[in-house]
Amino acid sequence: YAFIVSLFFYKELTLKDIPEVFVAAAKMTSVVMFIVASATAVAWLLTIAQIPNQVAILFTGFADSPLLLLIILNIFLFLLGMVMDLTPAVLIFAPVLFPIIKVAGIDPYFFWVIMILNLTIGLITPPVGTILYLGCSIGNISFPRMVKGVLPFLITEIVVLFLYVFFPQLILTPMNWLY
């Protein structure tokens, strides 16, 4: 759609520009695919090493204290989000963590919001921050400059995450209004 609109409607793209556009798109796509491949490899290694089962055993001991469990899970998910893509992390660890949060009495919808927010924060957190590298490639910006620009947003997201953990009503009340 963008190709057609750029070529015929806005006329910003000419026929002689098309090969250059395809090369640029291929470069950006290769960066994204390299990141996805790396994250998938990490997910495979974690699964083969039985890490999810070991994580479940480790976190089950904290089910008596829901707040402590949430804080520990936030640290774990934050670190996990730094080295692993969001989708594989959710697919591998959601079934492992669900019984633990259920035993602890944590609302599953609340926890899924926390989990997704936490993993996405990890995606933009240095040193790995897979989305940062993607943004550097697309924007043609250096990594340090990207980190400096993302830092205020990152701090804000971490503050919001802690507010959610300590005040679950911020998530649960609007959700209850909808239902």
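Helices (H or I, at least four residues) and strands (E, at least two) are DSSP runs, and they are numbered from the N terminus. What you have open is a predicted model, in which local features need pLDDT of at least 70 and side-chain atom pairs count only at pLDDT 80 or more, while totals for chains, interfaces and linings use all residues. Residues are numbered from 1 along each chain as its sequence is written, and side-chain values use heavy atoms, with hydrogens and water left out.

**First stop: a nonpolar patch**

Select L67, L151, I155, V159, F162, L163, F166, F167 and L170, which make a nonpolar surface patch of about 810 Å². Such patches are made of residues with over 30% relative accessible area and no salt bridge, where like charges are joined within 9 Å and nonpolar side chains (Val, Leu, Ile, Met, Phe, Trp, Tyr) within 5 Å. A salt bridge here is a side-chain nitrogen of Lys or Arg within 4 Å of a carboxyl oxygen of Asp or Glu, and accessible areas come from the Shrake-Rupley method with a 1.4 Å probe, where for residues only the protein chains shown count as cover.

Which helix gives the most to the nonpolar patch? Colour residues 143-166 and you will see helix α8, which contributes six residues to the patch, the most of any.

Now select L67, which belongs to helix α4 and is partly exposed at 39% relative accessibility. Leaving aside its neighbours within four places in sequence, L67 is in contact (heavy atoms within 4.5 Å) with V165 and F166. If you also mark T87, you can see that L67 and T87 are 20 residues apart in sequence and 25 Å apart in space, C-alpha to C-alpha.

**Second stop: a buried leucine**

Stay with helix α4 (residues 66-83) and select L77, which is buried, with a relative accessible area of 0%. Once its neighbours within four places in sequence are left aside, L77 is in contact with L97, F111, M115, N118 and L119. The C-alpha atoms of L77 and L119 are 5.9 Å apart in space, although these residues are 42 residues apart in sequence.

Next, show helix α2 (residues 18-48) together with helix α7 (residues 130-139), which pack at an angle of about 170° with their axes 10 Å apart. The axes are lines fitted to C-alpha atoms, for helices over the stretch in contact, and the angles run from 0 to 180 degrees between N-to-C directions. The two helices α2 and α7 are therefore roughly antiparallel to each other; angles under 35 degrees count as roughly parallel, over 145 as roughly antiparallel, 65 to 115 as roughly perpendicular and the rest as oblique.

To see where they meet, select M28, V31, V32 and I35 in α2, and then T130, Y133, L134, S137 and I138 in α7. Within α7, T130, L132, L134 and C136 are buried, and the buried residues of α7 pack against α2, α6 (108-123) and α8.

While you are in helix α2, select T40, which is partly exposed, with a relative accessible area of 42%.

**Last stop: two loops**

Finally, select N140 in the loop between α7 and α8, where phi is near 55°, a positive value in a residue other than glycine. N140 is exposed, with a relative accessible area of 73%. Then move to K11, in the loop between α1 (2-9) and α2, which has a positive phi of about 55° although it is not a glycine. K11 is exposed, with a relative accessible area of 62%.

Definitions and conventions
Buried < 20%, exposed > 50% of the residue type's maximum accessible area, 1.4 Å probe, protein only.
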